[in-house]
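This report describes a single protein chain, from selected residues to the overall fold. The sequence and the structure are shown first.

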Amino acid sequence: MDEKKKVLNESSKDDQEKWVHDSSLDYKGRIPLRASTGSWKAAFFIIATEFSERLSYFGLAANLIIYLTRVLHQDLKTAAKSVNYWSGVTTMMPLLGGFLADAYFGRFSTVLASSIVYLLGLLLLTMSRVIPGLEPCGPGMKTCHEPRRVHEVIFFFAMYLISIGTGGHKPALESFGADQFDDDHSVERQKKMSFFNWWCFGLCCGLLFGVTVIVYIQDHVGWAPADIVLTLVMSFTVLIFCVGRPFYRFRKPMGSPLTPMVQVIVAAFVKRNLQSPSDPDLLYEVSDSDKARSSTRLLFHTKKFMFLDKAAILEDRFRQDPWRLATITRVEEVKLILNMIPIWLTTLPFGICVAQTNTFFIKQSTTLNRKITHSFTIPPASVSALTAISLIVSVAIYDKILVPTLRRITRNERGINILVRIGIGMIFSVLTMVVAALVERKRLSIVEKDPLHSSLSMSVFWLAPQFVIIAIGDCFTLVGLQEYFYDQVPDSMRSLGIAFYLSVIGASNFLSSVLIILVDRLTEKSGKSWFGKDLNSSRLDYFYWLLGSITAVNIFVYAFVARKYSYKNVVRNTNVAVADCYLGNNGMKTMA
């Protein structure tokens with residue numbers, strides 16, 4: 001008998017190694033072969049696609065404030081708000097794109113469709129700078145005091161069309177990449193943990209080339225040639241993405257993930273007067289026979305938000321009504337989302353600090369000496385390359401040195417828990433604001449001593465520390481947030497999970513704009529606004545101190561919230577090793 005069990009176990013292991021049983025399908029709709037689909041062979045196509053999209057995004061975003069002030073002649077406050085609004089919309093649109101990908105269209109189709117919309121935006125942007133009737137200053141004119149209205153309309157329409165394309169591209173592509181790794185296979189699960197780090201590596205390479213090569217073309221050749229390059233690269237990358245189709249693992253869209261959540265809340269409210277059983281095993285869950293056919297992993301019961309447990313209290317006459325009875329897994333999925341709200345809120349101050357890198361940090365560089373040689377001057381937006389280089393180095397060190405070392409010390413598959421990683425990055429954001437304030441104070445002191453030459457005697461590399469420190473913070477917090485929101489959302493909401501991460505950045509950009517407006521009005525009432533017509537008449541150092549103080553106080557709030565957080569508890573297949581977990585207080589295996 002024991003021999004028979006041993007043979008069956010070995011057969012089961014061989015089956016697990018040969019086939020992928022995580023509800024994914026290959027491009028022909030069959031169960032995927034592990035050896036020929038997914039993992040890094042598929043992820044490389046997806047990371048290459050992300051590189052191209054980020055090249056386009058940062059190539060446009062890095063110099064946007066320069067274009068708005070020099071070509072469209074917006075003042076500093078208006079330009080900063082315009083950048084923040086566009087960045088905010090671009091990073092909030094993924095909430096819609098992620099929902100559509102998870103619920104109706106699937107991730108591959110969403111990426112493909114949104115890439116086409118993105119391309120249309122790039123084509124329209126190129127047309128606004130090439131076609132004489134749409135150019136900012138009219139035929140034959142290189143400069144003008146006020147741009148033509150038609151150019152402004154087409155320009156902003158194209159930019160927001162790119163935002164819509166990003167809305168589907170970003171959440172669906174990253175979650176599609178993570179889908180290429182099987183959570184129930186110990187080797188692939190470890191690779192998935194590295195995937196988010198190397199995803200960030202590809203993103204940073206796009207950022208690096210965007211703020212150097214593309215920005216150089218914009219500054220020294222022209223805006224139109226840069227747009228043409230971005231359009232061609234994006235077109236080529238769409239082809240590369242399609243070529244990888246035979247290697248991908250696909251997930252079927254599972255319908256609206258919001259409907260089951262609403263059903264849980266309604267069922268819990270209707271049964272609010274019922275007494276919850278003392279033993280959670282008495283609450284409703286799918287039968288053992290249904291578990292094998294389920295495409296969603298089951299979750300353990302937790303003791304948070306226990307009023308929702310009433311949705312899983314059995315009533316014989318309503319057993320088939322999803323509005324009166326929900327499984328424990330459905331209830332726990334609602335708890336997961338509620339659990340995330342405090343984390344989402346407490347990461348916003350970090351996002352506000354990051355938002356300054358694309359606005360005021362870039363504008364600061366325009367007032368400093370950017371000459372490398374007599375014949376070469378660094379374009380202002382290319383200073384962001386310091387962030388990209390630092391982030392590339394930080395990610396490589398974190399993944400190849402820090403994580404293996406921490407794994408040996410903590411015996412945690414991730415090295416450190418996700419929320420700890422996010423919190424460490426927040427500390428670096430405070431340091432960034434402190435350094436930025438000190439550097440800006442020094443710059444203003446030079447302007448006061450020599451108003452004629454302003455701060456041109458000060459090297460642009462004085463800004464290097466603040467770019468490097470925020471990059472290290474990004475390595476911990478931004479990469480950690482990507483992994484956190486993908487990992488901790490219900491399985492049916494993986495694209496929305498990435499959208500939640502992006503919405504942190506989007507909401508932070510909007511909050512940054514609101515904060516600028518509030519500070520401007522309040523300080524203007526007290527005598528002089530911190531935001532003048534230009535940097536020399538502004539007090540950005542005070543604004544940086546304010547952001548540093550807000551973020552420092554928020555770290556304590558975040559630490560309190562993180563200590564109370566309960567990680568996702570997944571019921572795993574017993575014959576598969578559970579590597580990505582630690583033992584909680586109750587001895588239960590808990591996702592970390």
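Thr237 counts as buried because its relative accessibility is 6%, where buried means under 20% relative accessible area, exposed over 50% and partly exposed in between (1.4 Å probe, protein chains only). The model is a predicted one, in which local features need pLDDT of at least 70 and side-chain atom pairs count only at pLDDT 80 or more, while totals for chains, interfaces and linings use all residues. Residues are numbered from 1 along each chain as its sequence is written, and side-chain values use heavy atoms, with hydrogens and water left out.

Thr237 belongs to helix α9; helices (H or I, at least four residues) and strands (E, at least two) are DSSP runs numbered from the N terminus. A polar atom of the Thr237 side chain lies 2.7 Å from the backbone oxygen of Val233. Leaving aside residues up to four places away in sequence, Thr237 touches Ala48, Thr49 and Ser52, a contact being heavy atoms within 4.5 Å.

## Overall fold

The protein chain contains 19 helices and two strands. Along the principal axes, the C-alpha atoms fill a box of roughly 90 × 50 × 50 Å. Of the 592 residues, 57% count as buried. Among contacts with a separation of 6 or more, 78% come from residues 24 or more positions apart. The accessible surface of the chain is about 25800 Å², and 65% of this area belongs to carbon and sulfur atoms; accessible areas come from the Shrake-Rupley method with a 1.4 Å probe, and for residues only the protein chains shown count as cover.

## A covered helix and a surface patch

Helix α13 (residues 348-355) is mostly covered, with eight of its eight residues buried. These buried residues include Phe350, Ile352 and Val354. They pack against α4 (76-92), α12 (328-346), α16 (418-449), α17 (464-488), α18 (494-525) and α19 (540-564).

On the surface, Met127, Val130, Ile131, Ile228 and Leu232 form a nonpolar patch with about 420 Å² of accessible area together. Patches are made of residues with over 30% relative accessible area and no salt bridge, with like charges joined within 9 Å and nonpolar side chains (Val, Leu, Ile, Met, Phe, Trp, Tyr) within 5 Å. Helices α6 (107-130) and α9 (223-243) each supply at least two residues of the patch. Ile131 lies in the loop between α6 and α7 (149-178) and is partly exposed, at a relative accessible area of 34%.

## Salt bridges

A search of the whole structure finds 21 salt bridges, each a side-chain nitrogen of Lys or Arg within 4 Å of a carboxyl oxygen of Asp or Glu. Three of them are listed below.

| Pair | N to O distance |
|---|---|
| Glu50 and Arg54 | 3.9 Å |
| Lys170 and Glu50 | 2.7 Å |
| Arg330 and Glu333 | 3.3 Å |

Lys170 in helix α7 and Glu50 in helix α2 are 120 residues apart, and the pair links distant parts of the chain. Lys170 counts as buried at 3% relative accessibility, and Glu50 at 0%. Glu50 and Arg54 are separated by about one helical turn because they are four residues apart in helix α2.

Arg330 and Glu333, three residues apart in helix α12, are likewise separated by about one helical turn. Arg330 is partly exposed, with a relative accessible area of 33%, whereas Glu333 is buried at 5%. Elsewhere, salt bridges that share partners join Arg34, Asp182, Glu188 and Arg249 into one network.

Most residues other than glycine have a negative phi. Ser39, which is not a glycine, has a positive phi of about 55 degrees. Ser39 is located in helix α2 (residues 39-61) and is buried, with a relative accessible area of 8%. Arg411, also not a glycine, has a positive phi of about 60 degrees. The place of Arg411 is the loop between α15 and α16, and Arg411 is exposed, with a relative accessible area of 75%.

Arg414 is found in the loop between α15 (385-410) and α16, where Arg414 counts as buried at 8% relative accessibility.

Definitions and conventions
Polar contact = N/O pair within 3.5 Å; in protein donor to acceptor, adjacent residues only side chain to side chain.
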